Amino acid sequence: MEWNNLHELLRSLYDEMLPLSADMATVAKGIAGLGALFYVALKVWQALSRAEPIDVFPLLRPFAIGLCIMFFPTIVLGTINAVLSPVVKGTNAILENQVLDLNKLQQQKDLLEREAMLRNPETAYLVSDDEFDKKLDELGWSPSDLATMSGMYLDRQAYKIEKAIKEWFRNLLEILFQASALVIDTIRTFFLIVLSILGPIAFAISVWDGFQSTLTQWLTRYISVYLWLPIADMFSSMLAKIQSLIIERDIDMLADPTFIPDTSNTVYIIFMIIGIVGYFTVPTVAGWVIQAGGAGNFMRNVNQTASKTGNIAGAGTGAVAGNIGGRLMNK
């Protein structure tokens, strides 16, 4: 099974588990209904005890959350997924284009490296059977020719073993690289399923006074986890673009007939290691993209500043009024 099929399997798993959130809505309705009863009663009692008019608008909040709970898969999850799905598709298209260009350039580079080694008489027999047989035909059966022949066989075998080891190590890093991406996608799918199924419960708890931030935190975590895949695709696209630029540079150098290619693929291996480590920074980057509480803290600071300004202004006005009143009394 290919790696892309595994990612598609995870997406299918999420789509199949999504309807389970409707089962939790039944329990969430009871929790939200009880919370709405206490919430409305408390707000009305506070207004009556202070002899203030009842503000109806804040009392509509529990009913709006109740509607979201009743139609949670459609209104909440459907809306969020519909908004964020184009982001996933767009970054995936960018990644596919970059990987396609990288594969074409890699094939072109391998062909030019083979041609460069064939141009060099000292390395031509290592990559071509015809050149190897031709060089053997030029040798005689003297002791020195037999020693040269044995050395050619050893050099050719050593070249094949070295190439096989490098290819094995490269394939191992590619497997680890793909596995890292699959680990991120699997954890992301698990988190999204848990947040989707228990989402109605989080919405119901947010109805209760003192737990209002539960709704904001749920939205923040869901969007943040959903963005793991686009960020991982962007990171992979960046690595593919860097490797494409390196391969293009090597292709330009291979155009020189005197250039001797380096088949160690050291730069490629380094970037594969960077990619494996970098994949596990995706959750941190996603946390930078979406955060909750910033606007609330800002508004809290604004309210505190406004309150202090009002107190100072009130004190100043009272002092001025007191001075004016004192002068009038003296007159």
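Predicted model: local features only at pLDDT ≥ 70, side-chain atom pairs only at ≥ 80, totals over all residues.
Local features need pLDDT of at least 70 and side-chain atom pairs count only at pLDDT 80 or more, while totals for chains, interfaces and linings use all residues. Residues are numbered from 1 along each chain as its sequence is written, and side-chain values use heavy atoms, with hydrogens and water left out.

One joins Glu8 to Arg11, at 3.3 Å from N to O. These two sit three residues apart in helix α1 (residues 3–17), so about one helical turn separates them; helices here are DSSP runs (H or I, at least four residues), numbered from the N terminus. Glu8 is partly exposed at 45% relative accessible area, and Arg11 is partly exposed at 29%. Buried means under 20%, exposed over 50%, and partly exposed in between (1.4 Å probe, protein chains only).

Asp185 and Arg188 form a salt bridge too, at 3.7 Å from N to O. They are three residues apart in helix α7 (residues 143–197), again about one helical turn. Asp185 is buried, at 2%, and so is Arg188, at 7%.

As for the helix pair, α10 (residues 228–254) packs against α12 (residues 282–289) at about 115°, with axes 9 Å apart. Axes are lines fitted to C-alpha atoms over the stretch in contact, and angles run from 0 to 180 degrees between N-to-C directions. Trp228, Ile231 and Ala232 of α10 meet Val282, Pro283, Val285, Ala286 and Val289 of α12, with contact taken as heavy atoms within 4.5 Å.

Methods. Salt bridge = Lys/Arg side-chain N within 4 Å of Asp/Glu carboxyl O.
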